[in-house]
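Student: I would like to go through this model with you, starting with the fold and then moving to one element in detail.

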Amino acid sequence: MDGFLITVLSNIGMISFVALSAYILLLSGQISFGQQAYFGIGAYVAGIATVMWSWPLAAALVLGAFVAGAAAGLVGLVTLRLSGIYFAMATLAFAEIMRIAAELFVYRREIGGIETGPDGIDGFRDIRYLFANDISPFQSCLIVYALLVAVLATLFIVERTRGGRMLRQVGEDPLLAEVNGIDVMRVRIAAALSAGAVAGLGGGLYAHLLTYVEPRSFDIMLGVHALAYGLIGGLGTALGPLLGVLIDIGLLESTRVFRGYRMIVFGGLVAVLLIVRPRGLLDEVAISRIRQALRRWRHAGD
Amino acid sequence: MVALDLAQNTLDGLMVGSSYALLAIGFTLIFGVMRRLNLAYGPTIMAGVYLGTAAFISLGAPILVVLAIVILGASLVGLYVERLCFRPFGEGARTASMVASFALWMQIEEAAMHLLPRHMNPFPALVASAPLEIGPLMLRADHLVMLAATLLIAGAATYLLARTKLGLAIRAVIDQPRAAAIVGIDVERVMMLTFVLASAIGGIAGFLIAATDAQVTAMIGMWATTKGLVAMMLGGLGSVKGAIAGGLLLGVLEAHAQWFLGPQVRDMVAWGLLFVLLAFWPGGLMGAKALDRTMAVGRRV
Amino acid sequence: MLELQGLSKHFGGVRAVDSLDLRITPGQIFGLIGPNGSGKSTTVNLITGLLPVTRGSIKLAGEEITNLPTHVRLSTGIARTFQNIRLFGQLTVWQNLWVAENARAQRERASFLSRWLGGERGARTRITRALEFSGLADKADELAANLAFGEQRRLELARAMAAEPKLLLLDEPAAGMNPEEIGALDDRIRQIRDSGITVLLIEHHMELIMAIADRIAVLNFGQKIAEGTPAEIQSNPAVREAYLGTAA
């Protein structure tokens with residue numbers, strides 16, 4: 001496979017983590033402008049773990065996801081009783097605080113004779129774990145997709161459990177959910193926590209595949225894009241946000257068909273698409289149709 | 001000396017804050033009528049300012065013509081945003097509406113970059129006189145013009161809302177869209193007019209800020225969206241008064257933070273204040289009642 | 001079964017419910033009627049915890065529940081329907097019923113994990129029965145939003161029943177129904193009572209309530225102005241005054 005294709009595929013995979021993160025919160029009925037914060041936290045923490053503490057990659061990724069999830073849970077505790085624009089703005093405020101904190105964050109140490117570590121606004125460079133361990137771009141792309149598939153599989157399983165249903169119920173009508181015996185706050189915190197961890201995992205991968213991360217990598221643009229991907233692709237299934245990423249990065253950014261006019265085309269397209277399908281291409285109705293068709297097809301085979 | 005610094009910072013902050021206040025008024029009007037966030041508000045302003053800048057650069061248009069082009073451009077682009085992101089969406093699709101406005105943000109910014117590809121462009125300066133000295137304090141004349149313009153527009157907006165028929169219709173739609181429709185108000189028309197009005201106010205804010213800097217950068221769209229949003233939220237997104245208070249507060253806070261702590265911490269302080277306010281005091285400075293109302297709507301059984 | 005003592009709810013200066021005393025004995029259909037704005041729906045919202053109580057107490061089967069959070073009340077045995085139907089429209093009929101079934105699991109003190117990670121298997125027979133009871137068996141995979149109005153009402157009732165409540169609050173279940181549907185509803189509510197569930201029925205439709213209620217209380221301006229059997233209520237002058245504006 002040629003290098004360009006691998007890079008594009010890896011990008012699609014990594015951004016999918018943030019899109020899934022925003023999607024999980026969307027399911028719980030909350031609009032977050034700030035999932036990029038947890039992406040950033042995961043990137044810095046995982047990077048520090050391999051570079052400064054010489055941890056193995058797997059452990060570093062787990063730590064990044066864990067810290068990001070914990071941070072998201074804590075932020076959730078104080079913000080999740082807000083809703084609508086209040087919640088959206090609180091998440092954005094937190095993400096911007098984290099981004100500026102990263103601009104101020106300097107933690108330099110001498111590792112193997114070279115000074116390295118996060119260096120304020122210049123970001124965190126030389127995260128060379130993959131190089132140092134002879135992992136090729138193709139192999140690292142495989143790692144990204146293996147983890148993405150694992151996250152997706154977990155989401156699919158959760159969707160079939162009562163917890164997953166509760167998530168959708170809370171998202172659709174929190175009051176009705178409460179009357180039906182669901183502890184809305186608890187469900188939302190669980191959602192925020194897992195959304196933070198998923199974004200953190202993506203961030204850890206990003207830092208290692210690109211060998212650097214800078215505060216600019218997780219500004220508001222990443223957060224709002226992540227939110228948009230779910231709505232474009234559809235909120236009926238976890239594949240929706242992936243479809244959104246695929247359309248934007250895979251089809252438009254990478255094919256260079258509309259070079260220089262990509263956003264003019266894409267922006268208008270998205271607006272029109274949302275008018276026709278306000279919950280995205282693969283929305284609940286589409287998914288329910290597909291399920292019914294599958295069931296009928298299976299019965300016909302009997 | 002610290003006392004003098006404090007006074008000078010406060011003064012500077014009030015001046016810059018007045019442009020934030022204008023942005024917040026525009027945001028508040030749109031949010032009040034639509035109950036949805038218009039993320040393309042900043043880019044709408046950018047489009048107006050860029051059109052004005054293009055006229056200034058290529059045709060040497062005088063400053064008043066530039067002002068007219070900016071206002072007209074912002075209003076037209078505002079109308080476009082309303083048509084594509086707000087009118088076609090029902091109450092049930094608020095998120096879709098907001099994401100559509102984000103899509104147009106991207107679209108408008110790219111179009112603006114085609115118009116003026118350079119990151120920084122010159123803009124006609126407002127007043128080129130030396131700063132006024134009031135005792136030990138310095139006051140830039142163009143800042144004074146900005147403050148005066150803000151007060152004038154805020155006054156006009158308040159008058160419009162309180163005393164005119166259109167204002168009455170706008171307030172009715174903000175309060176009870178369905179009831180307003182029943183008593184014969186053309187809700188769609190009111191929404192459109194409010195949108196255009198808010199975009200024009202935003203255009204003036206964009207013009208003022210570009211004219212005091214005598215330049216305009218590609219960051220102006222993002223700048224207007226975030227500053228306007230923060231100022232509106234600080235004011236509690238309930239009223240024109242709240243928007244002004246929020247804008248001025250943000251300006252003063254940033255001036256002090258910049259002086260004492262540097263530019264990076266300045267932005268952090270503004271976001272930090274917003275976060276703390278939302279998490280622990282979500283009514284904002286003046287919007288407690290408005291919040292009650294939105295909560296009541298949300299909790300209606 | 002349900003006991004309200006001095007229950008009050010004030011909105012600013014308005015006393016929506018004003019020192020209301022009510023005792024509902026088990027196995028009854030208890031009717032709550034009153035003109036518009038007399039505080040019926042507020043009372044239901046207080047009992048289900050959607051609104052905080054200003055003063056007074058609510059007891060269910062002798063247990064104090066006044067300050068319990070809303071989501072816990074279902075597992076104490078209170079289920080409700082809404083005046084304007086509330087369903088999870090983007091979920092299927094089956095999934096709408098599945099959620100309510102959660103309350104039973106909660107009551108049986110199933111662990112947090114097994115409740116969250118539990119699949120639909122355990123609930124299957126119960127949900128199938130609920131679907132058959134409400135005549136929705138062939139619509140299990142349909143999105144709730146796509147059902148006809150009458151079907152949505154039936155689904156709402158089935159959902160409340162799936163929680164296996166001790167007390168069922170019905171908030172104007174006949175609103176928008178035709179006479180034939182009301183007849184069916186009448187039978188269904190009786191069946192529910194006969195299965196041992198206490199019913200608190202709020203209704204505008206006088207014929208329905210007079211026909212099936214065992215006992216009726218009348219509210220006006222948040223206060224109880226009369227209580228008794230349907231016959232007693234029909235001949236009560238205070239009730240007539242409240243409804244007709246004058247003493248007839």
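Student: How many helices and strands are there in chain A?

Tutor: Keep in mind that this is a predicted model. Counting the two kinds of element separately, chain A has two strands. Its helices number 13.

Student: Why is chain A said to be as compact as a globular protein of that length?

Tutor: The globule rule gives 19 Å for 302 residues. The radius of gyration of chain A is close to that value, so the chain is as compact as a globular protein of that length. The radius of gyration is 20 Å.

Student: What percentage of the residues of chain A count as buried?

Tutor: A residue is buried when its relative accessible area is under 20%. Applied to the 302 residues of chain A, this gives a buried share of 59%.

Student: In chain B, what length does helix α5 reach from its first C-alpha to its last?

Tutor: Helix α5 of chain B covers residues 141–163, which is 23 residues. At 1.5 Å a residue, 33 Å is expected, and the helix comes close to that. The span is 32 Å.

Student: Which elements of chain B are included in what covers the buried residues of α5(B)?

Tutor: The buried residues of α5(B) include M146(B), I153(B) and L161(B). Their cover, together with that of the other buried residues of the helix, includes α1, β3, α6, α8 and α10 of chain B.

Definitions and conventions: Residues numbered from 1 in each chain as written. Chains lettered and ligands numbered in written order. Predicted model: local features only at pLDDT ≥ 70, side-chain atom pairs only at ≥ 80, totals over all residues. Heavy atoms only, no water. Helix = DSSP H or I, 4+ residues; strand = E, 2+ residues; numbered from the N terminus. Rg over C-alpha atoms; globule rule 2.2 N^0.38 Å. Buried < 20%, exposed > 50% of the residue type's maximum accessible area, 1.4 Å probe, protein only. Expected span 1.5 Å × (residues − 1). Contact = heavy atoms within 4.5 Å.
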